[in-house]
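Subject: Structure for your files

Hello,

Here is the structure I said I would pass on. My notes on the side-chain packing follow below it.

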Amino acid sequence: MKTYWFDNRTGDQREDHDSGRPVDPEYLSQLGVLYHHCPSVDDVNAVALERSYKNRDEIVVSREKMGSAYEDKVKMFFNEHLHEDEEIRYILDGEGFFDVRSIEDEWVRIRLVQGDLIILPAGIYHRFTTDSKNYIKAMRLFKDEPKWTPLNRAPEVENIPARQEYVSRV
């Protein structure tokens, strides 16, 4: 994992956009973002047991797997949104970026590679993209039945319970 302030320059979202200003992983903890390096699935299983994750699946985001829908999907994932549940991803192969909003409403970019596991708290605004290699394979973990319902940033989303609870914690 590598964390830094997003440079906000125009250009392809899949580029590094590294401002040269690193972000201490402790700051991610203040945002409620948890990170684990898991060299094996056994390590993932231990995290899953500890946090009561009962279900999982795998997703491949690539041109080869998604065909002509790839570009639209990557753009959709990059829309700023939140979820009412935690978002948990374990990188099985490839690389990608999660961007999360800081306390000051700036983007923190988190580069993830194979073996990285990230837990985004419910209510945090974020977005995702592959890197310039256009390939990532990830395991998605869930506490209950798998669901992935993004709520795009809008004034009315500020009032949902998950967002209110998140804001009160940070």
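Phe-77, Phe-98 and Phe-128 make up one aromatic cluster. Please keep in mind that this is a predicted model.

A search of the whole structure gives three aromatic pairs. One of them joins Phe-77 and Phe-128 edge-to-face, at 6.2 Å centre to centre and with 65° between the planes. Phe-77 belongs to helix α4 and Phe-128 to strand β9 (residues 126-130), so this pair ties together parts 51 residues apart in sequence. Phe-77 has a relative accessible area of 10% and is buried; Phe-128 is also counted as buried, at 12%.

Phe-128 also pairs with Phe-98, and here the arrangement is tilted, with 5.0 Å between centres and 50° between the planes. That pair links strand β6, which holds Phe-98, to strand β9, with the two residues 30 apart. Phe-98 is buried, its relative accessible area being 3%.

Now the nonpolar packing. The largest nonpolar core has 23 residues, and those touching the most other members are Leu-31, Val-33, Val-100, Val-108 and Ile-110. At least two residues of this core come from each of α1, α4, β6, β7, β8 and β10. Beyond its neighbours within four places in sequence, Val-100 is in contact with residues including Leu-28, Trp-107, Leu-120 and Tyr-125. Another core, of twelve residues, lies apart from the largest one and includes Ala-48, Ile-88, Tyr-90 and Ile-119.

Two arginines sit over rings. The charged end of Arg-127 is over the ring of Trp-107, 3.9 Å from its centre. Arg-153 lies over the face of Tyr-125, 4.4 Å from the ring centre.

Regards

Key: Residues numbered from 1 in each chain as written. Predicted model: local features only at pLDDT ≥ 70, side-chain atom pairs only at ≥ 80, totals over all residues. Heavy atoms only, no water. Core = buried A, V, L, I, M, F, W, Y, C linked by side-chain atoms within 4.5 Å. Buried < 20%, exposed > 50% of the residue type's maximum accessible area, 1.4 Å probe, protein only. Helix = DSSP H or I, 4+ residues; strand = E, 2+ residues; numbered from the N terminus. Contact = heavy atoms within 4.5 Å. Phe/Tyr/Trp six-rings, centres within 6.5 Å; stacked < 30°, edge-to-face > 60°. Lys NZ or Arg CZ within 6 Å of the ring centre and 35° of its normal.
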